[in-house]
Amino acid sequence: MFEWTGRLDGNDESYHRIFQRVKTESDYETLKPKDFVLHGFAVDEGVKRNKGRAGAQDAPDVIRKNMSNFPVVNSDFWLKDFGNIYCENNDLESAQNSLADKVSKLLRKRGKSIVLGGGHEVTFAHYSGIRKAFPNQKIGIINFDAHFDNREPENGLATSGTGFWQIAQEGEIHSLHIGIQKNSNTRKLFEIADNFKMKYILADEIYSENIPNLMFTINSFLEDVDIVYITICMDVFNAGIAPGVSAPAYNGIFADRNFMQIYRHILSSEKTKVLDVAEVNPDFDIQERTARLAASLVNEWFMI
């Protein structure tokens with residue numbers, strides 16, 4: 001288990017930082033409603049299968065380290081850390097099933113699920129856990145990503161790029177993809193997205209004057225689903241602020257006022273129960289910029 005440490009300013013609760021509000025857990029029966037529950041998905045087998053740059057399996061603990069010193073804003077905040085899930089013998093499917101089982105347990109206890117990837121193969125695993133916990137609920141997935149990740153598996157093997165194709169095989173998919181890049185998806189992938197009725201907002205559409213239109217699209221999506229799952233592929237961001245990813249984007253979006261307005265609005269929805277960050281690759285990161293950004297995005301949920 002990761003050892004949470006950080007700057008100690010005092011034991012008075014008003015001085016607390018996140019590392020002082022973490023409980024290492026192994027028993028899901030101890031969870032209470034609205035607990036934030038953390039798993040690391042230390043897996044990048046799907047990235048390897050997708051011919052990407054391996055290394056994301058080492059990200060969960062690096063992101064934890066960057067989370068440790070954020071100040072605690074809400075006095076009743078606690079984070080329950082259940083450790084990491086690993087991929088043994090290149091068996092991605094078993095790792096995904098393991099995460100799905102654990103997520104379903106915590107959601108049945110009405111906890112809030114946070115997963116630190118790992119590659120974006122975490123999406124199918126995380127979604128599967130939600131589906132197990134809430135088989136009759138309409139699950140809305142908001143995917144911040146430059147890519148659709150809706151490729152059909154080659155030779156039957158799932159990858160980091162097949163998650164939404166896999167989800168669509170299980171029934172009607174309800175997804176909104178924000179930050180999609182035209183130069184990162186083939187025409188075929190756009191066609192698949194349209195066939196699956198995957199909604200999307202292009203990266204080029206995220207600018208100040210267009211925020212009211214984007215908010216209308218997002219609110220319409222939120223109103224139409226029962227549970228919201230946010231998944232963030234860190235390659236949606238510009239390589240200047242997120243260099244440590246498998247597929248860096250020179251024209252990615254920035255974590256600026258426009259993005260944060262959208263992101264915080266989605267986080268503030270009472271329907272938002274699940275969040276993950278994926279594709280942080282410490283091997284290619286610079287001064288842990290990407291890991292720090294991922295940690296910051298998780299921390300935003302703690303401050304709502």
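**Close-up views of helix packing and nonpolar cores**

**View 1. Packing of helices H2 and H9 in the predicted model.** The crossing of H2 and H9 is right-handed. The structure shown is a predicted model. Helix H2 spans residues 59-67, and its axis lies 8 Å from that of H9, at an angle of about 60°. This angle makes H2 oblique to H9. From H2, the residues Val62, Ile63, Asn66 and Met67 meet Ala291, Arg292, Ala294, Ala295, Val298 and Phe302 of H9. By class, this contact of H2 with H9 comprises eight nonpolar residues, one polar and one charged.

**View 2. Packing of helices H8 and H9.** Helix H8 covers residues 257-267 and helix H9 residues 289-302; their axes are 9 Å apart and the packing angle is about 45°. H8 and H9 are therefore oblique to each other, and their crossing is right-handed. On the H8 side the contact is formed by Phe259, Met260, Tyr263, Arg264 and Leu267, and on the H9 side by Leu297, Val298, Glu300 and Trp301. Seven nonpolar and two charged residues make up the contact of H8 with H9, with no polar residues.

**View 3. Packing of helices H3 and H4.** Helix H3 (residues 92-108) and helix H4 (residues 122-133) cross at roughly 40°, and their axes come within 7 Å. The two helices, H3 and H4, are therefore oblique; the crossing of H3 and H4 is right-handed. H3 contributes Gln96, Leu99, Ala100, Asp101, Val103, Ser104, Leu107 and Arg108 to the contact, while H4 contributes Val122, Phe124, Ala125, His126, Ser128, Gly129, Ile130, Lys132 and Ala133. The contact of H3 with H4 divides into nine nonpolar, five polar and three charged residues.

**View 4. The largest nonpolar core and its surroundings.** In soluble globular proteins, nonpolar side chains tend to be buried together. Here the largest nonpolar core contains 57 residues, and those with the most contacts inside it are Ile63, Leu79, Phe144, Ile178, Ile232, Phe237 and Tyr263. H9 supplies the largest share of this core, eight residues. Leaving aside residues up to four places away in sequence, Phe237 touches Ile232, Ala242, Ala249, Gly252, Ile253, Phe254, Ala255, Phe259, Leu293 and Leu297.

Conventions. Residues numbered from 1 in each chain as written. Predicted model: local features only at pLDDT ≥ 70, side-chain atom pairs only at ≥ 80, totals over all residues. Heavy atoms only, no water. Axes fitted to C-alpha atoms, helices over the stretch in contact; angles between N-to-C directions. Helix = DSSP H or I, 4+ residues; strand = E, 2+ residues; numbered from the N terminus. Parallel < 35°, antiparallel > 145°, perpendicular 65-115°, else oblique. Left-handed = near helix turned anticlockwise from the far one by under 90°. Contact = heavy atoms within 4.5 Å. Nonpolar A, V, L, I, M, F, W, Y, C, P; charged D, E, K, R; others polar. Core = buried A, V, L, I, M, F, W, Y, C linked by side-chain atoms within 4.5 Å. Buried < 20%, exposed > 50% of the residue type's maximum accessible area, 1.4 Å probe, protein only.
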